[in-house]
Structures are given as C-alpha cells and as structure tokens.
Amino acid sequence: MTTVYVADTGVFVRCGGPDKDKFQRLRRALRQAGVSLCIPQRVYEELGGDTAADEYPSGDIPYPDGFEEGWIAVADELDYANSLVSTVMDETRRFIANETDRDEDHIEKADTALVGLAAQLLDTGEASSVVLLTTDKPAGNAAETLLPQHGFSNRIEFRYVSVEYLETVTADTFH
C-alpha cells in the first residue's frame, strides 16, 4: 500500500520559512517517517520554481533544501489527455466556486491541480491512497467529495494544515 502525500503552497507559506520552528518540525517529521511531500508543478511554480529548467530546484525557490534532501518532490506533469484528470479538475473548479461564492474564472489553477494530481496518482496506480495537505479547506473538501464519486472511496484524506498542526506534527503523523 503506497500512500502519497500531496501538498499545497499554503503548507510552506504557513511554515514561515526554513528558519522557523514549524518548517523544521515538518522537515524532521517527514525525514524521520521516510516520506516526501509531492507537489504539483503549479505549486512548484507558485513557490518560485522554474519547471522549464533541466532540473529542480531552480529559480528563487525558498525551500531548495527540501528538494535536495528528498522530502519535497515535484510530480510529473498532469496528463490532461486523461479524461478523469481533466474532468476532476473541472469539477473541482466548480465545487470551489460554489463553496466560496466566486466566479469559476477566479479559482486558482493550483487548487484544481492538487485534486487533479490526486486523481492521476490513484488512477495510474502510483498511489493506493492520497493524503492531501492544504490550508485551503474548499480544495480539501472538493477532493474528499469528488474523488469518491469516481471510484476512489476511502482512498483520499484531506488534512487541514493549521498552525497547530504544524506545531504538533511528528513522524507518527505520516505512518
């Protein structure tokens, strides 16, 4: 059973930077658990990475140690030709728009990419389950609502990454 942990930009922003206790606690927990955070390329770009570069890290990304140490990894490009991925991303955009009373055109693409990546990982068998770590409750709710409708019941878990979560996270959180 392979669980993949998918993380949003907000997780890193909420950590406050590599010199902060929350960042170091998350780093230590992931390294002790032997797992990594998988981020969609959209999130990587939001963090300052350059997906056109031959290798990552690149650009002005403030978390290069995470990539070099292996506890943050950039996911493969989303397969938009996979109808499941594109459908789930469209549904996520509508779900978030309805939940937040915003126009669909104003929904961040990184939010839809999170749920699209989870669908892709489950559909291709790269993951038997996905844990979505995000500070964005509508995106997390979209994942937990929509993915079971596509046959992934009990295979997606949304964890809201609050300040308290980051202050108490341990390796046991990832077992």
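Asn-82 caps the N-terminal end of helix α5, with a side-chain oxygen 2.8 Å from the backbone nitrogen of Leu-84. This is a predicted model, so read that distance as a computed one.

Staying with α5: the helix runs over residues 83-100, which is 18 residues. From the first C-alpha to the last, α5 reaches 26 Å, close to the 26 Å expected at 1.5 Å a residue. Just after α5, Asp-101 takes a positive phi of about 55 degrees.

Which residues of α5 are buried? They are Leu-84, Val-85, Val-88, Met-89, Glu-91, Thr-92, Phe-95, Ile-96 and Ala-97. What do the buried residues of α5 pack against? They pack against α6 and against α7, residues 137-146.

Asp-90 and Arg-93 are three residues apart in α5, so about one helical turn separates them. In general, an α-helix has 3.6 residues a turn, so residues three or four places apart point the same way. Asp-90 is partly exposed, with a relative accessible area of 31%, and Arg-93 is partly exposed as well, at 23%.

Next, the cores. The largest nonpolar core has 53 residues, and those with the most contacts inside it are Ile-39, Leu-133, Leu-147 and Phe-174. Helix α6, residues 109-124, supplies the largest share of this core, nine residues. A second, separate core has seven residues, including Phe-95, Ile-96, Ala-97 and Leu-146. Back to Leu-133: leaving aside neighbours within four places in sequence, its contacts include Tyr-5, Val-6, Leu-37, Val-161, Tyr-165 and Phe-174. Asp-8 and Arg-159 are also among the residues in contact with Leu-133.

Last, the remaining charged pairs I want to show. The structure holds four salt bridges. In one of them, the side chains of Glu-69 and Arg-27 meet at 2.7 Å, N to O. Glu-69 lies in helix α4, residues 64-69, and Arg-27 in helix α2, residues 21-33, so this pair ties together parts that are 42 residues apart in sequence. Glu-69 also forms a salt bridge with Arg-31, where the closest N and O atoms are 3.7 Å apart. That pair again links α4 with α2, across 38 residues. Together, Arg-27, Arg-31 and Glu-69 are linked in a network of salt bridges. How accessible is Glu-69? Glu-69 is partly exposed, with a relative accessible area of 30%, and Arg-31 counts as partly exposed at 44%.

Conventions:
Residues are numbered from 1 along each chain as its sequence is written. This is a predicted model: local features need pLDDT of at least 70, side-chain atom pairs count only at pLDDT 80 or more; totals for chains, interfaces and linings use all residues. Side-chain values use heavy atoms; hydrogens and water are left out. A nonpolar core is a set of buried Ala, Val, Leu, Ile, Met, Phe, Trp, Tyr and Cys residues joined through side-chain atoms within 4.5 Å. Buried means under 20% relative accessible area, exposed over 50%, partly exposed in between (1.4 Å probe, protein chains only). Helices (H or I, at least four residues) and strands (E, at least two) are DSSP runs, numbered from the N terminus. Contact means heavy atoms within 4.5 Å. The expected span of a helix is 1.5 Å times one less than its number of residues. A polar contact is a pair of N or O atoms within 3.5 Å; within protein, one must be able to donate a hydrogen and the other to accept it, and residues adjacent in sequence count only if both atoms are side-chain atoms.
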